[in-house]
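The sequence and model are shown first.

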Amino acid sequence: MPFLISAVLTPRVLTGRPQPTLATDDGILLRPWRAGDAPAVYEVFQDPVMHQWHARSADSEQEVAGWIRDWHQAWEEGREAQWAVVDADSDRLLGRVALREIRLDDGVAEVAYWTVPAARGRGVAARATTALARWALDEIGFHRLELLHAVRNEARVASRTGFALEGTKRSAILHPDGWHDMHLHARVRGD
């Protein structure tokens, strides 16, 4: 049975190209992950704040090296796009930003991010999210980007980056301390 609408994006929109490096206007780069980033990512995942808002932990640098290999494979398959957020001058890791839950047919993806402890409160996540959203919506042609965060997480990245609050997903994600209600924010092309 034929579809009445065409796919918003084709599978080759991501897989047919190398993962790009994206720059902000103020000294931050979003670049593909490197094997050498594993020790820094492992260190971040030892932080109790990461355990509060993420369901994943890291037991070793070797485990994180496997994540990085998986992130590269996910790009090749068009399933996810993960970037290291780094200082443009020093290449020091500041965080991570990603497109997850990519549905190319619908032109929809979920934005996710985290920052290293030393970068928190400096606008790093907001600047990286803005750069990623600009690329995904304006250059690639995604129609909609969603951003979820725990209602109890007081980070303001979504509102600072133009993601409108659309509602609350009740008891939507399980964290180590139980089920969390999640705020759903979104940006659509043209916002």
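## Strand pairing

L22 stands opposite L30 in β2. The model is predicted, so local features need pLDDT of at least 70 and side-chain atom pairs pLDDT 80 or more, while totals for chains, interfaces and linings use all residues. Residues are numbered from 1 along each chain as its sequence is written, and side-chain values use heavy atoms, without hydrogens and water.

Strands (DSSP E runs of at least two residues; helices are H or I runs of at least four, and both are numbered from the N terminus) pair if DSSP finds at least two bridges between them. Strands β1 (residues 22–23) and β2 (residues 28–32) run antiparallel, joined by two bridges. Four residues separate them in a hairpin, where G27 in the turn has a positive phi of about 90°. Five bridges join β2 to the antiparallel strand β3 (residues 81–87), and P32 stands opposite W83 in β3.

## Nonpolar cores

A nonpolar core is a set of buried Ala, Val, Leu, Ile, Met, Phe, Trp, Tyr and Cys residues joined through side-chain atoms within 4.5 Å; buried means under 20% relative accessible area with a 1.4 Å probe, protein chains only. In the largest core, of 51 residues, L30, L99, W135, F142 and L145 touch the most other members. Helix α5 gives the most to this core, with ten residues.

Beyond four places in sequence, W135 touches L14, R17, P20, L22, W75, W83, L99 and I140, where contact means heavy atoms within 4.5 Å.

Key: Buried means under 20% relative accessible area, exposed over 50%, partly exposed in between (1.4 Å probe, protein chains only).
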